[in-house]
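I set out to record what could be looked up in this structure, beginning with the whole protein and then turning to single residues.

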Amino acid sequence: MSEDVLSTPGHLISLAARGFARLSETRLKPLGFGVGQLPVLVALGDGRASTQRDLARFARVEQPPMAQMLARMERDGLIERTRDPADGRSSHIMLTKTAREGMPAAIAALFQGNSEALAGFTEAEAAQLVDLLERLIDNLDRIAGAETSVGD
């Protein structure tokens, strides 16, 4: 075999993602957060989403895993739910005071980890990496969407 599957972008990105996840988890856990909770915390913190359905869409996960994560976050005192007066089946989700107060330290820890991981990269290289990864994610989302609609 002439190609090395372990040198493909997909494999290398997977290794990098796992490394970032381990680093982030190590730094977030003492602060009371988990790396998987980040999209939910960000979306709730800046008002991009407030329902389970919107959070699942924002985080690009299915509803059942989102429901489980929200239940754990509620148990851990990071979120609270209030019934939607217009739709009794739905609830609005918001960050608790504990989560809001802990977010600045968590964000600082994540930025520090990213800075350390990008040691030796110029600002232009780091910006280019972000741009390339965003384009790659867009491509993957488009492909997944096309394959999902074919399978329906």
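**Overall surface and fold**

I looked up the accessible surface of the protein first: the total is about 10,500 Å², and carbon and sulfur atoms account for 58% of that area. I note that the model is predicted. Of the 152 residues in the protein, 23% are buried.

I then read off the secondary structure, which consists of 6 helices and 2 strands. From the N terminus, the order of the elements is α-α-α-α-β-β-α-α. Along the principal axes, the C-alpha atoms occupy a box of roughly 60 × 45 × 25 Å. I also checked the contacts between residues at least 6 apart in sequence, and 42% of these join residues at least 24 apart.

**Helix H2 and what follows**

Which residues of helix H2 are buried? I found Leu38, Val40, Leu41, Ala43 and Leu44, within a helix that spans residues 38–45. These buried residues pack against the helices H1 (9–28), H3 (52–59), H4 (63–75) and H5 (97–117), and also against the strands E1 (79–84) and E2 (87–95).

Just after H2, I noted a positive phi of about 80 degrees at Gly47. I next examined the salt bridge between Arg48 and Asp46, whose closest N and O atoms are 2.7 Å apart. Arg48 counts as exposed because its relative accessibility is 53%. Asp46 is partly exposed, its relative accessible area being 41%.

A polar atom of the Thr51 side chain lies 3.1 Å from the backbone nitrogen of Asp54. Setting aside neighbours within four places in sequence, I listed Ser90, Ser91, His92 and Ile93 as the contacts of Thr51.

Asp54 also forms a salt bridge with Arg53, with 3.9 Å between the closest N and O atoms. Asp54 is partly exposed, at a relative accessible area of 26%. I recorded a salt-bridge network that links Arg53, Asp54 and Arg57.

**Charges**

The protein has 17 positive and 21 negative charges, and their mean positions are 7 Å apart. The count of salt bridges is 9. One of these joins the side chains of Arg81 and Glu74, at 3.0 Å from N to O. Arg81 is partly exposed at 30% relative accessibility, and Glu74 is partly exposed at 36%.

Definitions and conventions:
Residues numbered from 1 in each chain as written. Predicted model: local features only at pLDDT ≥ 70, side-chain atom pairs only at ≥ 80, totals over all residues. Heavy atoms only, no water. Buried < 20%, exposed > 50% of the residue type's maximum accessible area, 1.4 Å probe, protein only. Helix = DSSP H or I, 4+ residues; strand = E, 2+ residues; numbered from the N terminus. Contact = heavy atoms within 4.5 Å. Polar contact = N/O pair within 3.5 Å; in protein donor to acceptor, adjacent residues only side chain to side chain. Areas by Shrake-Rupley, 256 points an atom, 1.4 Å probe, with all protein chains shown as cover. Lys, Arg positive; Asp, Glu negative; His and termini not counted. Charge placed at Lys NZ, Arg CZ, Asp CG, Glu CD. Salt bridge = Lys/Arg side-chain N within 4 Å of Asp/Glu carboxyl O.
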